[in-house]
Every structure is written in structure tokens, then in C-alpha cells.
Amino acid sequence: MKKNININTYYKLLLLIVSTSLFFLLLYVSLYLYTIREEKQFYTTTFNQYTNEVNSLFKLNSETPIATIIDVTFWDALVKFTITKDKNWYSRSVASQFETYNMDYIGVYDLNNRLINRTKSSKIKTNDFILKGMMSQLYKSKLTRFYLRIPEGVVEVFGATIHPSNDPKKNKSNPSGYFFMARLLDQHFFDSLNQISSSKVSIVDVNHIDTTEKDVVIVNLDLNDYKNNVISKLNFKRAFNLNFKNAKEILFIVIIASIINILICLYYTKRWVYNPLKLVTRILETGSRSAIASLKRIQGEFGYIGNLFEENSKQRKQLEISKHKAEESDKLKSSFLANLSHEIRTPMNAIVGFSDLLNNPDLDENEKSEYLKIINKSGTNLVSIIEDLIEMSKIDAHQIKPKYKGINLNKCIRELYETIKVTIPKEKQIDFHVIECSNPIEKHLLTDETKLKQILVNLIANAIKFTDEGSISFGYDVNENDGTVVFIVKDTGRGIDEKNLKAIFDRFLRVEDHFDAESSGLGLGLAISKAYIEMLGGTISVNSSFGNGSVFTFKIPLVYDESEKKSKKKSNASFFHNSGNETILIAEDDNINFLLLKKILQLRDYSVLRANNGQEAVDICRVNKDIDLVFMDVKMPIMNGLDAFKVIKKTNPDLIVIAQTAYSSAEDKEMILNLGFKNYITKPLNKEKIFELLDDFFVLKNKKKQKKELYL
């Protein structure tokens with residue numbers, strides 16, 4: 001019976017190999033025939049797609065000049081020029097901006113088809129190539145685009161009738177004149193099209209006949225004159241590597257290889273597959289040691305399987321350990337998410353609850369003031385939680401890199417002391433002081449000042465949180481032996497027990513004790529600090545015991561800034577007296593954010609305008625020259641704030657633009673300032689910071705204005 005089963009299984013395996021190989025042989029033959037048919041269809045499809053692509057690209061290439069000429073011909077000053085023919089105005093307002101049109105010829109004509117004035121580049125020598133017939137046709141069509149052949153080559157001509165700005169559809173008034181722009185289709189033009197279309201572009205005659213090339217796709221575009229007659233053609237060529245010949249050769253080789261494969265499989269199936277499988281079956285059924293030994297002697301995968309049987313018990317133990325670790329990690333993450341939910345709901349509960357209580361008409365002013373303070377504090381806590389989560393995510397994604405520069409470490413320590421000192425709650429009896437360094441650094445230290453300050457702030461804030469009375473001190477020392485700067489933060493607060501010392505830097509775990517209800521936060525401050533220290537090439541350690549305070553120590557490399565330069569002292573701005581005449585534009589798509597900023601600005605009697613998107617901001621700044629300052633939201637529909645800022649700066653480079661954004665990381669702030677914004681404000685908005693920014697900018701502006709009036 002066993003012999004019959006073995007024979008049947010063996011022949012089943014052989015039948016499977018043979019049938020599968022025959023199936024693939026038929027498949028390869030079918031693919032070979034199919035390839036021949038697709039060779040023709042693929043070329044046709046590619047040609048049609050290329051034709052559509054070329055037409056779209058060429059149309060897109062002309063959209064910018066068309067938009068430009070439409071914009072220019074709705075210019076009241078240009079209408080006036082057709083009457084006054086003021087050459088000085090033309091030189092100042094049109095000729096001076098000639099390069100921005102990216103054209104080789106600009107001409108203004110009156111209704112009698114006479115040239116008023118023109119400007120052309122050195123590429124075009126021909127004077128009069130705009131004919132009267134073109135203007136007669138343009139009088140009816142209002143806008144035209146056509147091509148002309150002149151001695152210098154073929155030019156693309158754009159023409160439009162001139163109308164006042166209150167006639168956008170050109171149907172209220174008769175034309176005041178004609179405005180023509182032209183560009184020469186020269187090598188620069190072709191190089192641009194070559195790069196965009198990945199093609200070789202050239203001008204050919206109307207009667208040009210393309211040679212048949214299998215490896216090239218050719219598309220011709222007709223260039224029509226103002227009478228719609230073809231004067232030339234644009235010839236687009238792109239390489240087309242069909243390679244169907246190679247595909248057919250490969251398929252033929254595969255067919256031969258498949259036949260050889262059948263013969264090889266028939267020989268080795270029994271030797272390499274059937275006999276080893278028989279041993280595996282025997283091992284699983286009986287656990288025979290001799291079968292395991294025989295299986296291990298076979299080279300390849302089955303020998304490895306034999307070793308796996310021997311190591312089965314070890315693997316089970318390892319799996320149990322891994323399972324335990326996975327469960328522990330899952331538990332930690334669940335605890336973190338539960339803590340996150342709790343920490344977010346706590347300030348949200350205060351915000352929603354006390355906001356609802358404010359609706360009570362019987363509240364007195366003291367209660368309202370107390371509720372508003374609670375709402376403000378809860379909102380600040382919520383923003384802090386979100387910022388910690390974002391910062392930790394960026395660290396994990398390796399999106400944050402240190403930015404080294406020389407800093408005055410002693411000055412940095414003093415600034416931190418003065419900043420943190422005023423934030424310590426008055427109800428806490430804490431002696432906060434700086435540990436003086438016995439060997440202070442006189443040179444500038446090369447490090448990332450922002451991250452160094454953040455590390456110290458996190459450690460000191462942590463000490464303040466868990467110290468109700470006693471002392472908190474921080475400072476630095478220099479270790480010349482290992483070339484490091486050693487920072488220390490000491491407190492006499494609650495301390496940490498030994499079992500939790502190793503877990504305090506874990507981002508998924510916050511130390512829980514009977515004091516936990518008094519503290520808030522996700523516990524990410526130490527994890528972020530540790531990540532920053534490691535970025536700077538340092539290490540951190542802690543020495544603490546429950547009830548005896550904590551000592552955090554971290555080291556960073558001692559590297560001096562060799563390119564140290566003396567910084568110029570900045571003069572303090574004088575106190576600003578609001579004149580009440582400043583006009584501020586708020587570019588903000590969100591109604592609530594706009595209303596809040598508007599109400600803040602109206603406290604100082606500023607005139608407020610609004611733009612709902614970046615494009616509106618650009619249009620308002622172009623029309624209204626009385627705007628003194630712009631608050632530009634970075635993320636808006638239609639045109640974002642960054643693109644709108646670039647456009648506004650081209651037309652009004654002296655306008656003060658302040659970015660307002662919900663992005664608060666150091667990298668985002670640096671990117672905004674590098675783009676050229678005068679400053680930025682982050683959401684949620686802070687009234688005092690906004691007024692401080694406005695005071696600084698308007699003081700500077702008033703000084704410039706007074707200086708200008710003094711010279712006059």
C-alpha cells in the first residue's frame with residue numbers, strides 16, 4: 001500500500017511539472033504572436049499621445065503672454081497714453097519694464113493704425129512688421145495670436161485692443177488703440193521647448209516631408225498667420241525605442257529554456273524533492289532521530305530544515321520571550337495613548353466647561369476674569385502637548401538636524417536664568433540660582449543654541465514641576481580631559497525611586513506615583529531632551545532617589561567657533577505712540593482666526609482690511625498703496641501665503657509682511673525668515689506679542705519717515 005501511494009505521489013509531481021511547463025510554453029508562444037500585433041498598435045498610440053502632449057505644451061507656452069497682454073490692456077494709464085503720447089510716461093512705465101515681459105518687441109498703436117511708440121530687443125532689426133490689416137482684424141476680435149515670417153525668422157505675435165479698467169469684457173467702450181507683443185522663435189525658444197517636451201524642436205517649411213524613422217516619433221504643428229494661412233511648421237522629434245525585436249528574441253530564448261527546464265526537472269525531482277519530503281514525513285510522524293540525521297546530511301534547504309527540528313525547543317523559548325516583549329510594548333503604548341487622551345481631555349474639559357459657564361448673565365467680573373484665566377491656561381497647556389507630540393514625531397522621522405553656530409555660553413545661561421525666573425509660581429518657595437563656573441568659557445562655543453536652550457528649559461521646567469520648596473540650580477563646567485562641556489541641573493524636590501530611573505527617558509512611559517494627580521503632561525520633555533543631546537553628540541545621566549531631589553547631568557563636545565566675529569549691538573527701539581492711521585491687511589481664510597486678529601488690532605484703532613486667500617492679498621496690495629503692514633497666513637486656498645508673499649515683494653519690496661502660521665518648530669520658523677518675511681506669529685495668537693511686533697516695525701517706519709521729512 002505504501003509503495004502504491006509513493007508511486008502515485010511521484011507521478012503526480014511529475015505530471016504537475018510537465019503540465020505547468022507546457023502551459024508556459026503555450027503562453028510564451030501566445031505572447032510572441034501578441035507582441036507582433038501590439039508592435040503596430042503601440043506606435044500608433046504613442047504617436048497620438050505625443051501629439052496631444054505637444055499641443056498642450058505649446059498652448060501652455062503661450063498662456064503667460066496672453067495673460068500678460070490682457071492685464072496690460074486694461075490699464076487706464078495706457079488708455080491715456082494713446083491720447084497724450086507722452087514719451088516720458090512710456091519710458092518710465094512700459095519701456096523700463098520691457099525685460100519682465102519676456103518679449104522681443106512691444107508696440108503701441110493708435111486707432112489710425114499709426115505707431116505711437118515701441119521697444120524691441122537686439123534680436124529684431126525689422127521696424128515695421130505689424131500691418132494695418134492685422135489691426136483691422138484685431139479691432140473686431142479684441143485679442144489675437146498669430147505668426148509672421150520676417151528676415152530674422154518667425155515671430156509669435158500677441159495683440160489686444162486697449163480699454164479702460166472698468167470695461168473688463170471690452171464691450172462697454174470702443175478700443176483706444178492697439179497693443180502688440182512679439183517674440184522671436186529663436187534657439188533660446190527651441191531650447192526651452194526641448195527641455196520641457198524632451199524633444200528636438202525646429203522650424204521647417206510648409207512643404208516639408210518627414211523621413212520615415214522607426215526609432216523616432218515626429219509631430220508637426222502648423223504656425224498660422226493672421227489670415228489663418230500656414231507659414232511654417234514646428235517640428236517635434238522624440239526618440240522612440242520600441243525594442244519589440246529584443247522582446248521577441250527574449251521570448252524565443254525563454255521557450256527553448258523552458259523545454260530544457262522540463263528535462264532537468266524530471267531528473268532532479270526525485271533526487272532533490274521526493275526523497276527529502278519522505279524523510280520529513282517520517283520525522284513528523286515518528287520523530288525519528290535517524291531520519292533527522294539523514295535529512296541534515298542533505299545539502300540545501302532540507303539540510304537546514306533538519307537543523308530546525310533540533311533547534312525547535314530553543315526557538316519556542318525565544319518566541320515566548322518575544323511575545324512577552326511585544327505584550328509589554330503594546331501595554332506601554334496603550335498606557336501612553338490613555339495618558340494622551342487624559343491630558344488632552346483635561347484642558348479641553350476646562351475650556352469647554354468654563355466657556356459654558358461664561359454664558360451665565362449673573363457672573364460678576366471677578367468670576368469672569370478667573371474663568372478666562374483658566375481657559376487661557378488650559379489652551380496653553382493643550383498647545384504645549386500638541387507641540388511635544390509634533391516634535392517627537394519629527395525626531396523619529398529624522399527631520400530635525402542640528403544647526404551649529406558660535407554662541408556666548410555665559411550670556412546664554414544668564415538669559416535663560418532671567419527668562420525662567422519669572423515663570424516660577426509665586427506659591428512655590430524655591431531658591432533659583434546659577435552655579436558659577438570655576439573656569440568659564442571666554443570664546444564662542446560651537447553648538448545649536450536653540451536645542452541647547454530647549455534641553456535646559458525642559459530639565460529646569462521638570463525640576464520646577466516636582467519641587468514645591470527648596471532650591472533649583474543649574475550651570476556648566478568644562479572638562480578639558482575628555483573635551484566636553486558638562487551641564488548640571490539640581491533640585492531638592494520629590495526625586496525618583498531607583499526602579500523608575502531607567503524609564504524616565506522612555507517616550508511611552510511616564511513615572512506614576514501618588515503625586516501624579518498634581519502633575520500634567522505627556523512626559524515627553526525628557527525624551528525630547530535626550531534625543532537633542534544625542535543629536536549634538538552628547539550623553540545624559542541622572543542621579544536621584546525618592547525624597548532627596550535629582551541631579552541631571554549631560555555632556556556635549558567642547559568645540560570653539562574659529563570663525564567668531566564680534567556682534568553689533570542693536571539699538572533699543574523707542575516707545576511707539578500709535579498714530580491711528582496705519583492700515584493693516586489680514587490675509588486669512590478662516591473666519592474665526594480673522595475675527596480674533598481683527599479684534600486684537602482694533603484695540604489699537606488700526607484700520608483692518610481682509611483677503612480670503614493669497615490671490616486676493618496680491619490684488620489688494622497691488623491696488624491699495626496705503627497698506628502699511630500685512631499679516632499673511634501661510635496656508636490658504638487658491639494661492640498660499642508663501643507664493644503670495646513672493647508676488648507682493650516684486651511689486652512692493654518695502655511693504656512689511658508678517659507670517660502667521662500654526663507651524664511652530666524651529667525649522668519652520670527659520671524657513672519663514674529665510675524667505676524674507678519680516679517676522680512671524682504662531683497660532684494660537686498672543687495679543688502682547690502682536691503689539692510688540694507692531695510697535696517695533698512702526699517705530700522703524702516712523703523714524704525713516706521723519707528722516708525723509710528732515711532732508712526735504
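Tutor: Buried means under 20% relative accessible area, exposed means over 50%, and partly exposed lies in between. Keep those cut-offs at hand. This is a predicted model.

Student: Is Val280 buried or exposed?

Tutor: Val280 sits in helix α6, residues 244–286. Its relative accessibility is 15%. The cut-off for burial is under 20%. Val280 therefore counts as buried.

Student: How many residues are in the largest nonpolar core, and which element gives the largest share?

Tutor: The largest nonpolar core holds 43 residues, and those with the most contacts inside it are Leu409, Tyr476, Val485, Phe487 and Phe554. Helices and strands both supply at least two residues each, among them α11 (409–421), β10 (429–435) and β13 (484–491). The largest share, 7 residues, comes from α12.

Student: Which residues does Leu409 touch, beyond its neighbours within four places in sequence?

Tutor: Leu409 is among the residues with the most contacts inside the largest nonpolar core. Skip the neighbours within four places in sequence. Its contacts are then Ile441, Leu445, Leu452, Tyr476, Val485 and Phe487.

Student: How many residues make up the second, separate core?

Tutor: This core includes Met636, Phe645, Ala659 and Phe677. Its size is 21 residues.

Student: Of the residues of the protein, what share counts as buried?

Tutor: The chain has 712 residues. Its secondary structure comes to 18 helices and 20 strands. The buried share is 38%.

Student: How many salt bridges does a search of the whole structure find?

Tutor: A pair counts when a side-chain nitrogen of Lys or Arg lies within 4 Å of a carboxyl oxygen of Asp or Glu. The search covers the whole structure, and the total is 16.

Student: What is the relative accessibility of Glu156?

Tutor: Glu156 meets Arg145 in a salt bridge of 3.0 Å, N to O. Glu156 is in strand β4 and Arg145 in strand β3, 11 residues apart. Arg145 counts as partly exposed at 35%. Glu156 counts as buried, with a relative accessibility of 0%.

Student: By about how many helical turns are Glu449 and Lys453 separated?

Tutor: Their side chains form a salt bridge of 3.3 Å, N to O. Glu449 is buried, with a relative accessible area of 19%, and Lys453 is partly exposed at 22%. Both belong to helix α12, and because they are 4 residues apart, the separation is about one helical turn.

Student: What is the volume of the second largest pocket, and which residues are closest to its centre?

Tutor: The second largest pocket contains about 1,600 Å³ of space. There are 38 lining residues, and the closest to the centre are Thr68, Asp71, Val72, Thr100 and Tyr101.

Student: Which element gives the most to the lining of the second largest pocket?

Tutor: The lining divides into 16 nonpolar, 11 polar and 11 charged residues. Elements that each supply at least two include α3 (87–93), β5 (178–184) and α16 (641–651). The top contributor gives 9 residues, and it is α1.

Student: What is the phi of Lys170?

Tutor: Most residues other than glycine have a negative phi. Lys170 lies in the loop between β4 and β5 and counts as buried at 11% relative accessibility. Its phi is positive, at about 55°.

Student: Where is Lys142 found?

Tutor: Lys142 also has a positive phi, near 70°. It is partly exposed, with a relative accessible area of 22%. Lys142 is in the loop between α4 and β3.

Terms used
Residues numbered from 1 in each chain as written. Predicted model: local features only at pLDDT ≥ 70, side-chain atom pairs only at ≥ 80, totals over all residues. Heavy atoms only, no water. 1 Å grid on protein atoms, 1.4 Å probe; cavity = no way out; pocket = protein on both sides within 12 Å on 5 of 7 lines; lining within 4 Å. Points joined across faces, edges and corners; volume = space filled by probe spheres on them. Nonpolar A, V, L, I, M, F, W, Y, C, P; charged D, E, K, R; others polar. Core = buried A, V, L, I, M, F, W, Y, C linked by side-chain atoms within 4.5 Å. Buried < 20%, exposed > 50% of the residue type's maximum accessible area, 1.4 Å probe, protein only. Contact = heavy atoms within 4.5 Å.
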